[in-house]
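Reader: I have a chain on my screen and would like to go through it with you. Could you take my questions one at a time?

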Amino acid sequence: MDIKSLKNYLYWLYCQFELITCSYLMEPWEKLLFYTFNITMLAMVLYTAYIFVPVHVSTAFQFFLHFFGNQHENTVSIVK
């Protein structure tokens, strides 16, 4: 795949995006606000996923290890 066809493909994707979101009907200042809002929301979702998803996966992993019998011994049972 050469650079020219990649450029045409990316332009085609951009045109599809404008058709799906109907942003081709907007004025330039409306497009700026629309794209700024969408990029900001996408950045916040990605940041939140980067911060919180590993914590939830780790907690779920520990829960299932505990649930399926890989339990640490209770300190009371060690003393007895």
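Predicted model: local features only at pLDDT ≥ 70, side-chain atom pairs only at ≥ 80, totals over all residues.

Reader: How many residues are in the chain, and what share of them is buried?

Author: The chain has 80 residues, and buried ones make up 2% of them. The chain exposes about 7,600 Å², and carbon and sulfur atoms supply 73% of that area.

Reader: Let us turn to α1. How many residues does α1 have, and how far does it reach?

Author: Helix α1 has 19 residues and reaches 27 Å from its first C-alpha to its last, close to the 27 Å expected at 1.5 Å a residue. It covers residues 3-21.

Reader: Which residue follows α1, and what is its phi?

Author: α1 is followed by C22, with a positive phi near 60°. C22 is a residue other than glycine, and it sits in the loop between α1 and α2. Its relative accessible area is 38%, so C22 counts as partly exposed.

Reader: And α2, what is its span?

Author: Helix α2 takes in residues 28-67, which is 40 residues. From first C-alpha to last it reaches 56 Å, close to the 58 Å expected at 1.5 Å a residue.

Reader: Where in α2 is there a kink?

Author: The kink lies at F52 and amounts to about 35°. The proline P54 comes shortly after F52.

Reader: Which residues does UniProt give for the "transmembrane region"?

Author: An unreviewed UniProt entry places that feature at residues 32-53. In the model, residues 32-53 are 100% helix and 0% strand, with 31 Å between the end C-alpha atoms.

Reader: Changing topic: how many salt bridges are there?

Author: The count comes to one salt bridge. It joins the side chains of K31 and E18, at 2.9 Å from N to O. The pair links distant parts of the chain, K31 in helix α2 and E18 in helix α1, 13 residues apart.

Reader: Is E18 buried or exposed? And why does K31 count as partly exposed?

Author: E18 counts as buried because its relative accessibility is 10%, and the cut-off for buried is under 20%. K31 has a relative accessible area of 21%, so it is partly exposed.

Reader: Which residues form the nonpolar patch on the surface?

Author: The patch is formed by I3, L6, Y9, L10, W12 and L13, which together have about 620 Å² of accessible area.

Reader: Where does L13 lie, and why is it called partly exposed?

Author: L13 lies in helix α1. Its relative accessibility is 36%, so L13 counts as partly exposed; that class runs between the 20% and 50% cut-offs.

Conventions:
Residues numbered from 1 in each chain as written. Heavy atoms only, no water. Patch = residues over 30% accessible without salt bridge, like charges linked within 9 Å, V, L, I, M, F, W, Y side chains within 5 Å. Areas by Shrake-Rupley, 256 points an atom, 1.4 Å probe, with all protein chains shown as cover. Salt bridge = Lys/Arg side-chain N within 4 Å of Asp/Glu carboxyl O. Helix = DSSP H or I, 4+ residues; strand = E, 2+ residues; numbered from the N terminus. Buried < 20%, exposed > 50% of the residue type's maximum accessible area, 1.4 Å probe, protein only. UniProt positions renumbered as here; feature names shortened; annotations may be inferred. Expected span 1.5 Å × (residues − 1). Bend = angle between axes of the 7 residues up to and from the residue.
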